[in-house]
There are 2 protein chains.
Amino acid sequence: MKSQEKTGRNVTVTDAFWKGKMEVIREHVIPYQWEALNDRLPDTEPSHAIENFKIAAGEKTGEFYGMVFQDSDIAKWLEAVAFSLENTPDERLENTADEVVDLLERAQGEDGYLNTYYTVKEPEKRWTNVRDNHELYCAGHLMEAAVAYYNATGKRKFLTLMSNYADYIDTVFGEEEGKIKGYPGHQEIELALIKLYDVTGNEKYLKLSKFFIDERGKQPNYFDIEKEKRNDKNPFFFNDSYAYNQAHLPVREQKEAVGHAVRAVYMYTAMAALATRTNDESLKRASETLWENVTQKQMYVTAGIGSMEFGEAFSFDYDLPNDISYTETCASIGLVFWAKRMLELHAHHKYADVMERALYNGTISGMDLSGKKFFYVNPLEVQPEACEKRHEKKHVKPVRQEWFGCACCPPNIARLIASIGQYIYTQTENELFVHLYMGNQTNVTMGGHQVEISQQTNYPWDGSVLVTVSPEAEATFTLAVRIPGWARSARVKVNGEAVDYLSLLKDGYVYLNRTWKKDDTVELDFEMTIERMQANPLVRANVGKVAIQRGPVVYCLEAVDNGINLPAIFLPRGSELRAEYKENLLNGVVVITGEAERLNANAWGSELYRPASQTTETVTIQAIPYYAWCNRKPGEMIVWVNER
Amino acid sequence: MKSQEKTGRNVTVTDAFWKGKMEVIREHVIPYQWEALNDRLPDTEPSHAIENFKIAAGEKTGEFYGMVFQDSDIAKWLEAVAFSLENTPDERLENTADEVVDLLERAQGEDGYLNTYYTVKEPEKRWTNVRDNHELYCAGHLMEAAVAYYNATGKRKFLTLMSNYADYIDTVFGEEEGKIKGYPGHQEIELALIKLYDVTGNEKYLKLSKFFIDERGKQPNYFDIEKEKRNDKNPFFFNDSYAYNQAHLPVREQKEAVGHAVRAVYMYTAMAALATRTNDESLKRASETLWENVTQKQMYVTAGIGSMEFGEAFSFDYDLPNDISYTETCASIGLVFWAKRMLELHAHHKYADVMERALYNGTISGMDLSGKKFFYVNPLEVQPEACEKRHEKKHVKPVRQEWFGCACCPPNIARLIASIGQYIYTQTENELFVHLYMGNQTNVTMGGHQVEISQQTNYPWDGSVLVTVSPEAEATFTLAVRIPGWARSARVKVNGEAVDYLSLLKDGYVYLNRTWKKDDTVELDFEMTIERMQANPLVRANVGKVAIQRGPVVYCLEAVDNGINLPAIFLPRGSELRAEYKENLLNGVVVITGEAERLNANAWGSELYRPASQTTETVTIQAIPYYAWCNRKPGEMIVWVNER
């Protein structure tokens, strides 16, 4: 399956929507984060991440400082740099990255070990608390970065360093006698080892990833074993349950997503990738079961997941409160990772639909349009006064923050956007799947032929896409184009001629098998209706409400456009909604306007309760894309609007 | 104003609704609590309350155990006993109470001091932390109990002990030089001292109460002064703000209810009572301002107050979430205390309406029908799975508990119900106000004449009330009867003859001034419509919803009658609702039934979101009085029902 991994490299994104975001990452986020990692930001808690490596390398004296997983910030930054270099070469940036790789080399132990917390602070305690201390997590992020850097630059050094680290870890963990039968408290290395396997072809890494997945949740629980060795008597904070780490059951017995959402989706990503690579039917079934649970019972309409602040966790089926959701940016990002792995396993539009939903909504909402401020939590309803005054809403910030003590989300969104091209296509021997629509250009090998593929589109504002297929010579293969789940109807033309696509449709993809020649075109036209989405009636929070969606974009109402007390707005079922592209608003967005009814608070008077006598007035509402909220005057926001 | 206090004594409650509850208090709650106070309950954490007094009296050895305010449990029990004895003499119970009083006497210091925590545990630290350690709070409860016991039994001993204690406290606190310029962290003694003044006539107690009220919130803040003396460097848990204790501002400058709800309403109760007794206009205005804030902006339809678990506190205007409310039983009880004091200040139906709302809803919901289990928190929406799994809802219990570590609510509800007769009437020289309607018999002195008053009614199930007025000799005075705010219309007859009551109506009371003679009757008939109540449009949580109310009783839907997923029920505006008394249900209640529409979850299928396509089915709903919920099979409950 290695060919799949390679697809997506050398995709040049030319898309108006994404190119702007990639530029923001390149021009603002990456340089800003570099300053942060070097403690050069004023008024911000120092990161100390680079400093920690220098101390570990013996080049500086001092103490380790920061989160136990501080190293991963460097890894995610390097990975974002790699993805960015792939789209836009930048010699100076590459030199800086090379220097960081050199620093990593100097900080790495002779045995391959590389973790500044343990090297500097508790060198004798390596691997004594894999439940809490993120050693394997940091290792995984470094491996991912190394793979990305190799793919982007062709330079092997970082990859070799991390292969050495993986080789060392393989001597420590595994089913063989004398090795630790443990697995990480924060999953990540599992998916990273698969990437390392894909790029090196070394089966050892696949096997180690499989070991971590297979071992997880077995009884007696490894976390208890190591806990006893540490003589740790404290109950685990999450109701004393390893459901937090998805280690409450063997993974194949897990039917419901539980615990820390990011941990969960990183693990599910690895499970799906492993299932593809090892043809593991039971792992495939487990992946599908968990996918159904998350996307049919525990996902917000923005593709936010993890509805509970306690443990940054999933709560239970259909429990999706809008105003105290956690919906961490990183969790939606993980959902994108997972969706791509599910698509490799089985090309079905349901995976791509969720991936798209996450990409245009719950992930990019995490960053402001300038790339300078970030949401960790992406709520679907915000009343600023409640965030300030109600204790259980303190995690819901009404405005994006500059940086976080636990700075996981900003670098994660940076690496996602910088690598957006990798999510457009997957391929098998003879099939090229087009999952996402965005302006891009790429070269793939189909049946031994080089094929240049390009897309032109105004997506997500417009449902028309022109795909150009140019093999170097005539070549027969399948181009499978996705019909998005949101499209009420579609038209497909090949070289200008309408195709009866329904007969070619399987699982939401139109399989265009033909002999392609230079400059062949596929024109797609998806009906982009303004939809009033409803939720399953079991979602208590959304009864009587609709979410406005157009194409893949979910909308919201903000106070800056609609005044305060947004829940008092009722959208009548018959009210016409209009879409209009506004070039100068929020970097260019389609806004949705229409007439609505609004409870008249002034007419009500001072009483708190009285027999039904509310009156309404007619107002014009304007909805903007959810991802772009809080880029003007901060204030109230809602996604789910009362309907009447 | 002493005459007012005396009204309400010797009211014999004969009411079907309340008599049953009073019996439960007498037969179950008081004996059960006595067992608890003596550590004789199996499977329950020992209270140690009696034991603490024995140790303080030097009759036992051992350590103080329990909450710092454990003494108040004894006080509240004694007060409930006193009220109960007033209605139903019980020699054995009175003997037991006498023995407790004797024990208190032996535990009391020579100087009058009586607090087992300090006497046993930290005798040298008296009055060093009045912010947190409830010394004055416990003293207040003991004084209230002493007053009640004197009123019930005529025995002066307990009253004398507590007068001695008050005299001692008066030597410690006050504006005179050398005295502490402090005030309690938990208000209570302020209202108790007024009761002590009313019954003893000793102005010293009124003055001390006024001192505590006037001193509160002055700068520099006394809590900071004593904190510094203790060398306590910790920030105060409530965002470092004494708004928790309503000590952030002088009371006359407080415009919004903030902080711990029980503390707040106990203080407001004292403020109103003081304003009446001292003709203090500024205090009266402050009381009215705070009343408007609480009842027009921060009160649930059940008269629950304090919407936030953090600090058991008020949050902010119109912030009344139904599913994570705190709405402590004790806070609603305090609202009843306060309402009565406001009625003394100014007879206006708005105070009695709230008092009645609290009495028939948010207070008695705290106890099950058998008097064996209690709610501390009285939510307006419960989904048991959420209470179990969502961390921020852990305080919302889906079923009543047997006893609490902090056992404030059960004895508080006991003393309220046992003294319910005290809330029916207030009087001035020449006016007798009838605030509540319930079967009772009492004797009052009007213009020097003894007048026997009685009521017969089926309230709250029926709006007809027969008041009989029987002066020993013809007497001219005003009987002012309340027209409840919920009544759409009313009829008033005197001796069978209709009265044009509107011309006699002032602030919701019909002033019937006449020369009354033996067996005169006043017939009242209030139209008891089934109302769909709406909330002010600024209450976000209730937009699009109605609460069913009939007379003073607020209704709810329970899963046991209506199945699960109650938010999926829509009550159509035109749907007819019917009231029916069911004698064998929940000790006899009027239930409300009608047709409603319910979202059809089965027809929806497995998807989580899709374009508007929810369907409904017609169902019959049954609503029961909110106070009686969770007396059958536990499960979901909602007060606010979606409307369509």
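Helices (H or I, at least four residues) and strands (E, at least two) are DSSP runs, numbered from the N terminus. This is a predicted model, where local features need pLDDT of at least 70, side-chain atom pairs count only at pLDDT 80 or more, and totals for chains, interfaces and linings use all residues. Residues are numbered from 1 along each chain.

Q: Where is Thr302(B) found in chain B?
A: Thr302(B) sits in the loop between α13 (281-297) and α14 (329-345) of chain B.

Q: Why is Thr302(B) called buried?
A: Buried means under 20% relative accessible area (exposed is over 50%, partly exposed in between; 1.4 Å probe, protein chains only). Thr302(B) comes in at 1%, so it counts as buried.

Q: What is Thr302(B) in contact with, leaving aside its neighbours within four places in sequence?
A: Contact means heavy atoms within 4.5 Å. The partners of Thr302(B) include Arg357(B), Asn361(B), Leu380(B) and Tyr626(B).

Q: How do you know how chain A and chain B are related?
A: Copies are superposed by least squares on the C-alpha atoms of residues with pLDDT of at least 70 in both. Here a rotation of 180 degrees with 0.0 Å of shift along its axis puts chain A on chain B (RMSD 0.0 Å). The two copies are therefore related as by a two-fold rotation axis. In chain A, the C-alpha nearest the axis belongs to Glu392(A), 3.1 Å from it.

Q: What makes the surface the same for both copies?
A: 100% of the contact residues of chain A recur in chain B.

Notes:
Chains lettered and ligands numbered in written order. Heavy atoms only, no water.
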